[in-house]
Amino acid sequence: MGIAERKQEEKQEMRKRILDAARKIFLEKGYEKASIRNIANVINYSPGMIYFHFKDKSEVFYELHKEGFRLLMAHLKVLNSVNDPFERLKAVGRVFIQFAQDNKDYYNLMFIEEPASKTGEAGGFQIAEEAINHLMELIRECQKQGRFKDADIENFSFMFLSSVHGICALFCKDRTTNFRNRTNEELMEQGYACFVSLLEKG
């Protein structure tokens with residue numbers, strides 16, 4: 001490995017350590033109370049070292065935000081091979097729920113722990129928009145197959161996303177303890193199955 005390649009590898013490793021520390025701090029303190037100094041303390045770096053890689057706290061946060069959405073989109077795009085759009089739509093919900101179960105930290109940063117003011121990186125939410133557009137296009141395909149014909153695509157997409165997100169958010173924020181006769185996994189799986197049954201009747 002040459003000197004340039006080694007330096008690039010070291011830079012990527014440094015960024016990874018910063019982002020891992022930032023994920024921990026943002027989840028513990030929330031975006032508003034987190035600081036570059038907090039993040040630096042976790043990995044025994046100087047704040048100046050972090051500023052060498054990221055211009056400010058918001059850029060660190062949005063990089064984590066984008067990482068999460070890139071991971072989610074990679075899972076969702078695997079479903080493109082499913083020919084029936086309604087079966088694909090149902091699978092999207094299951095993938096979304098599984099993503100929340102497997103990536104609780106990312107899910108909280110992507111959908112729950114967000115800045116009060118979104119004045120950070122201009123492109124920070126572009127990949128989130130891509131995910132929503134992906135969902136709306138799928139619902140448009142369902143309509144071409146005769147389902148949800150009278151539904152407004154944006155309203156239906158919002159309803160679908162809100163329902164699935166509600167299931168995931170209750171799990172990620174540990175708000176399922178009052179349902180004592182089901183495990184979290186059972187609640188999420190069976191709750192989503194009830195929602196799907198309503199879609200199948202529509």
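I take contact to mean heavy atoms within 4.5 Å. The model is predicted, so I note that local features need pLDDT of at least 70 and side-chain atom pairs count only at pLDDT 80 or more, while totals for chains, interfaces and linings use all residues. Residues are numbered from 1 along each chain as its sequence is written, and side-chain values use heavy atoms, with hydrogens and water left out.

**Entry: Q143**

I looked up Q143 and found it in helix α7 (residues 126-144); helices are DSSP runs of H or I, at least four residues, and strands are runs of E, at least two, numbered from the N terminus. Q143 has 19% relative accessibility, so it counts as buried (under 20% relative accessible area, with exposed over 50% and partly exposed in between; 1.4 Å probe, protein chains only). With neighbours within four places in sequence left aside, I list F148, K149, A151 and I153 as the contacts of Q143.

**Entry: aromatic pairs**

I searched the whole structure and got 12 aromatic pairs. Rings of Phe, Tyr and Trp (its six-membered ring) pair if their centres lie within 6.5 Å; planes under 30 degrees apart are stacked, over 60 edge-to-face, and the rest tilted. Y31 and F61 are an edge-to-face pair, with 5.2 Å between centres and 75 degrees between planes. Y31 is in the loop between α1 (3-29) and α2 (36-42) and F61 is in helix α4 (residues 57-77), so this pair ties together parts 30 residues apart in sequence. Both Y31 and F61 are buried.

I then took F160 and F195: their planes are at 50 degrees and their centres 5.8 Å apart, so the pair is tilted. F160 belongs to helix α8 (residues 153-172) and F195 to helix α9 (residues 184-201), 35 residues apart. F160 is buried at 3% relative accessibility, and F195 is buried at 12%. I also noted a cluster of F26, Y31, F61 and Y62, linked by ring pairs.

**Entry: charges over rings**

The criterion is NZ of Lys or CZ of Arg within 6 Å of the ring centre and within 35 degrees of the ring normal. I found R23 over the face of Y106, 4.7 Å from the ring centre. The charged end of R147 sits over the ring of F86, 3.8 Å from its centre.

**Entry: α5 and α9**

I checked helix α5 (residues 85-102) against α9: the axes are 11 Å apart, at an angle of about 160 degrees (axes are lines fitted to C-alpha atoms, for helices over the stretch in contact, and angles run from 0 to 180 degrees between N-to-C directions). That makes α5 roughly antiparallel to α9 (over 145 degrees; under 35 is roughly parallel, 65 to 115 roughly perpendicular, the rest oblique). Among the residues of α5 that meet α9 I noted F86 and R94.
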